[in-house]
Amino acid sequence: MVYLISDANWWRQAVIYQIYPRSFADANGDGIGDLKGITSRVPYLKALGVDAVWMSPFYPSALKDGGYDVADYRDIDPKIGTLEDFDEMSAALKAAGIKVMVDIVPNHSSDDHEWFQAALKAGKGSAERERYIFRDGLGPNKDQAPTDWICTFGGPAWSPSGVDDGQWYFHWFDSSQPDFNWEHPDVKADFLKTLRFWGDRGVSGFRIDVAHGLTKDMKEPLPDWKELSDMTTRKLTSGNAGLDHPLYDRDEVHDIYRSWRKLFNQYNPPLMAVAEAWVAPDRKGLYASSDGLGQAFSFDILLCNFDADEYRECIDRSLEASKESKSSTTWVLSNHDVMRHASRFGLPNVPNANLPVSQIALNQFLLDKFQVQKVDIESGLKRARAATLMILALPGSTYIYQGEELGLQEVVEINEEERQDPIFRRTEGKDVGRDGCRVPIPWVANERNFGYGLGKPAHLPQPDWMAQYAVDVEEKDSNSTLSTYRRAIQLRKKLQTSEDLEWVDNSNKDVLHFRRPNGWEILVNTGRAEVDMPASSKVLISSSGSTLEGNKVPGETTVWFQGA
Ligand code: GLC
Ligand code: CA
């Protein structure tokens, strides 16, 4: 049976490319990537063959958290462009057959947002303060935070209002990111307005930041930090629907998403949305349901070691979960919050049970290892390419993070004063943060700033070794990571029809073998020794180069072939 992906379902098996706008391409040479830079690189995206781009925030922002501190949800940061530039970029992408998704950050705004500024000005007890979470401090002088909670980025989760009225505001992230009070009708109405604004501007969907956060129960008595962090771990690992966590994965959050879904369905095709939800597997489906956001990120594959058993278990679990919610699953190996996977795979495996549960904790865990362990760059890149060919062959949508298609490594050579991630500052340098995967990407080896921009140096320093990963270098090499991504994405388009997958038994514990419709077969060798190809099979692509010697699959390699 040939299954046609109807327009309304375009996202179910799409390849989506994440652009971190300030680090993609700098058209006016001020060192900061901009929308015109993206427009100039549309031919590159077209050649890569992606179905859509997801743009990390481009809104006006003081960049205290890389743009996830939004001062105005319905405008463009003047440092990187205008709404006209956005329209021009969208038109160029559309002409290339590429859809646009934008990032919505509803859990918190920037402290520069006009509502937060108005709240500070209007003072204690005012209607303006109701849109955020303000509480009186403790102690006779109200100079102690209302609770002892630690925020996600380290340091206290409350900051004084700064206007000497004994009040503190809650921020689950940086102090520049005050959390909204989602019980407030203005907040609900304003986000519907924002979603409509971008929907009417022609975007096809949204990535929803911290989707499990929004609704909170801040009634006294609030648990202390120890109790709260125990609850968080339980929530993340075992779901625990009955657990009344004040900040996390509360059932009421789905009322919001149901109201958003009604709006999404007024568009033709309906707008899609993918939730960034750090919740237990049994709670994911609520976010991915068709009367909710529709899809939820799964980071499970990112948490796996390069190991056939772990992959098989994770693939089965993810496909099962998406079947239940009637959504499609997502596959992610890299994004702007974690160490680049080419470097991650160059580190020794760890017992899975020891992996941290949240993405930010994971990144720190990996970076700590990165400092003390020797990274095997060659094996890391081989494994990264093999893992990518594996996920590109799985049912569901694949999210690619800019630069991974070049096999880029994590950048560690960033001096303290150049670091931008608030995590670095808030932990007094104990955690280096996420800047290493956000360094602007190399386009041309022999140009200034590797062709990222021809003016000032990039806003995060680009080390010399980046030259070997530049687009112009990799384009000339038919076995480069870029050429492999391009070929694989083109092939996937031709081969992918239904969302079925069938396992083929193999006695080698380092081998995964599965079959997709139309005789498309995939063999993943996670071991270091070579293994035999099944007899009479025609190789379509291999992650380690175009030809395979003597019908053998090398170690740390994925091959796609046409079965007999
Ligand atoms: C999400 C984003 C991350 C950001 C945080 C706060 O986890 O992916 O980059 O720092 O939310 O908005
Ligand atoms: Ca610029």
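Donors are the N, O and S atoms within 2.8 Å of a metal, or within 3.2 Å for Na, K and Ca, and sites may look incomplete because water is not among the atoms.

This is a predicted model, in which local features need pLDDT of at least 70 and side-chain atom pairs count only at pLDDT 80 or more, while totals for chains, interfaces and linings use all residues. Residues are numbered from 1 along each chain as its sequence is written, chains are lettered from A and ligands numbered from 1 in the order in which they are written, and side-chain values use heavy atoms, with hydrogens and water left out.

**View 1. The calcium ion (ligand 2) and its donors.** Asp-26 (OD), Asn-28 (OD1), Asp-30 (OD), Ile-32 (O) and Asp-34 (OD) coordinate the ion at 2.3 Å, and along the chain these donors follow the spacing D-x1-N-x1-D-x1-I-x1-D.

**View 2. Accessibility of Ile-32 and Asp-30.** Ile-32, at 19% relative accessibility, counts as buried, because buried means under 20% relative accessible area, exposed over 50% and partly exposed in between (1.4 Å probe, protein chains only). Asp-30 is partly exposed, with a relative accessible area of 27%.

**View 3. Residues around ligand 1.** Among the 14 residues around this ligand (a heavy atom within 4 Å), those that come nearest are Asp-65, Asp-209, Glu-276, His-336 and Asp-337.

**View 4. Polar contacts of ligand 1, that is, pairs of N or O atoms within 3.5 Å.** An oxygen atom of ligand 1 lies 2.6 Å from a polar side-chain atom of Asp-65; for a side-chain N or O atom of Glu-276 the distance to a ligand oxygen is 2.8 Å, and for one of His-336 it is 2.9 Å.

Conventions. A polar contact is a pair of N or O atoms within 3.5 Å; within protein, one must be able to donate a hydrogen and the other to accept it, and residues adjacent in sequence count only if both atoms are side-chain atoms.
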